[in-house]
Amino acid sequence: MTASRTARERVRAELTKEITDIARRRLATEGAGGLSLRAVAREMGMVSSAIYRYFPSRDDLLTTLIIDGYNALGEAVEQAEAAAPRADHLGRWLAACHGVRDWAVAHPHEYALIYGSPVPGYQAPQDTIPARVRDLTVLAGIIRDAWQAGAVRAPEAEAPKELEPDAAALRELMPGVPDAVIWRAVTAWTAMYGWVNFEVFGQFNNTIEHRRTAFGHSMLTMAETMGLAQ
């Protein structure tokens with residue numbers, strides 16, 4: 001019975017992977033909003049009713065693709081940042097930023113699924129949160145370590161009091177870091193993802209040719225915004 005169950009589990013895992021691989025490819029042609037379980041089933045040569053044993057609804061398939069996307073991005077950022085020396089906070093910041101950009105440029109349709117326009121009618125469940133914060137955890141860790149090492153200049157102006165509740169979750173990732181430093185980091189992260197969005201979604205076409213170099217220069221500017229010592 002154990003061998004039979006293991007075989008069934010292996011077959012199920014293989015079919016699940018095939019379904020998600022096909023769905024991921026179809027994102028490039030149909031977008032997330034046009035994703036259809038029936039269309040995926042037809043491409044697999046599977047009757048449409050059978051695919052519902054693996055994904056009860058389109059939203060379940062989207063959730064899996066979203067989690068996979070966040071995890072793939074998070075892993076890329078973790079690996080890029082881990083290659084930089086721990087005491088080189090600026091180097092870690094630049095490596096993490098390039099990790100985001102390089103993955104997004106290489107996987108534009110998966111990036112669009114997680115950072116593009118929301119899919120009409122879809123509400124991401126709590127299951128997506130652990131994967132969603134992997135890249136943020138890396139970026140927050142750089143600022144936390146830099147602050148503890150005295151490698152971040154504290155801003156003269158304090159953060160507005162009304163923002164204290166909004167910073168609560170971020171304080172968990174950056175314990176001991178002042179809110180003013182946290183909000184400068186959020187500004188830098190937002191600018192970084194804004195740049196990546198512009199590049200992935202074609203806003204730099206016919207405008208910026210040397211995009212990797214320009215991105216690196218802009219991320220140095222964002223490091224200055226965060227008060228990160230160079």
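The model is predicted: local features need pLDDT of at least 70, side-chain atom pairs count only at pLDDT 80 or more, and totals for chains, interfaces and linings use all residues. Residues are numbered from 1 along each chain as its sequence is written, and side-chain values use heavy atoms, with hydrogens and water left out.

**Helix 5**

- Helix 5 spans residues 89-106, 18 residues in total. Helices are DSSP runs of H or I with at least four residues, numbered from the N terminus.
- From first C-alpha to last, helix 5 reaches 26 Å, close to the 26 Å expected at 1.5 Å a residue. The expected span is 1.5 Å times one less than the number of residues.
- Helix 5 is mostly covered, with 14 of its 18 residues buried. Buried means under 20% relative accessible area, exposed over 50%, and partly exposed in between (1.4 Å probe, protein chains only).

- The structure holds 18 salt bridges. Each is a side-chain nitrogen of Lys or Arg within 4 Å of a carboxyl oxygen of Asp or Glu.
- Arg92 meets Asp145 in a salt bridge, at 2.9 Å from N to O. The pair joins helix 5 to helix 8 (residues 134-148), 53 residues apart.
- Arg92 is buried at 4%, while Asp145 is partly exposed at 22%.
- Asp102 pairs with Arg212, the closest N and O atoms being 2.6 Å apart. This links helix 5 to helix 11 (residues 211-226), across 110 residues.

**Other salt bridges**

- Arg171 and Asp179 form a salt bridge, with closest N and O atoms 2.8 Å apart.
- Lys17, Asp21, Arg24, Asp68 and Glu110 are linked in a salt-bridge network.

Technical notes: Helix = DSSP H or I, 4+ residues; strand = E, 2+ residues; numbered from the N terminus.
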